[in-house]
Amino acid sequence: MALLITDECINCDVCEPACPNEAISEGEDIYVIDPDLCTECVGHFDEPQCVVICPVDCIPKDPDHVETDSDLLAKYKRITGQ
């Protein structure tokens with residue numbers, strides 16, 4: 001499942017450069033995650049890097065975008081062309 005950034009986001013800008021898929025961008029009020037690009041870092045890292053570095057713990061799983069590990073790996077392969 002993709003991740004999402006909640007309104008607890010403090011716009012600290014540490015998550016955006018940490019995303020290997022460039023799924024995070026600056027939104028109107030807070031950073032946002034594109035669910036079509038978010039693989040929870042599957043294929044890149046063992047855990048989502050944005051979650052690891054977020055100082056306020058505002059990046060949960062997105063219940064509106066439920067995906068299995070195999071779905072995330074397939075998305076990673078599609079995004080990276082591997």
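Helices (H or I, at least four residues) and strands (E, at least two) are DSSP runs, numbered from the N terminus. With that naming, N11 lies in the segment before α1.

The structure is a predicted model, in which local features need pLDDT of at least 70 and side-chain atom pairs count only at pLDDT 80 or more, while totals for chains, interfaces and linings use all residues. Residues are numbered from 1 along each chain as its sequence is written, and side-chain values use heavy atoms, with hydrogens and water left out.

**The segment before α1**

Most residues other than glycine have a negative phi, and most peptide bonds are trans. N11 is not a glycine, yet its phi is positive, about 55°. D13, also in the segment before α1, is a residue other than glycine with a positive phi, near 75°. N11 is partly exposed because its relative accessible area is 35%. D13 counts as partly exposed at 35% relative accessibility.

V14 is placed in the segment before α1 (15–18) as well. At 33% relative accessibility, V14 is partly exposed. Together with V52 and I53, V14 makes a nonpolar surface patch of about 200 Å². Patches are built from residues with over 30% relative accessible area and no salt bridge; like charges are joined within 9 Å, and nonpolar side chains (Val, Leu, Ile, Met, Phe, Trp, Tyr) within 5 Å. The areas come from the Shrake-Rupley method with a 1.4 Å probe, and for residues only the protein chains shown count as cover.

**Helix α3**

Helix α3 has twelve residues (residues 69–80), which at 1.5 Å a residue should span 16 Å; its end C-alpha atoms are 16 Å apart, so the two values agree. The expected span is 1.5 Å times one less than the number of residues. Which residues of α3 are buried? They are L72, K75 and Y76. These residues cover an arc of only 105° around the axis, so they are on the same side of α3. The arc is that of the directions from the helix axis to the C-beta atoms. On the other side of α3, S70 and R78 are exposed.

Just after α3, G81 takes a positive phi of about 75°. Q82 is in the segment after α3, and its relative accessible area of 62% makes Q82 exposed. Q82 and I53 are 29 residues apart in sequence and 27 Å apart in space, C-alpha to C-alpha.

**Salt bridges**

A salt bridge is a side-chain nitrogen of Lys or Arg within 4 Å of a carboxyl oxygen of Asp or Glu. How many salt bridges does a search of the whole structure find? The search finds two.

| Salt bridge | N to O distance |
|---|---|
| E40 and K61 | 2.8 Å |
| E67 and K75 | 3.0 Å |

E40 is buried, with a relative accessible area of 10%, whereas K61 is partly exposed at 48%.

In the other pair, K75 belongs to helix α3. K75 is buried, with a relative accessible area of 6%, and E67 is partly exposed at 22%.

Technical notes: Buried means under 20% relative accessible area, exposed over 50%, partly exposed in between (1.4 Å probe, protein chains only).
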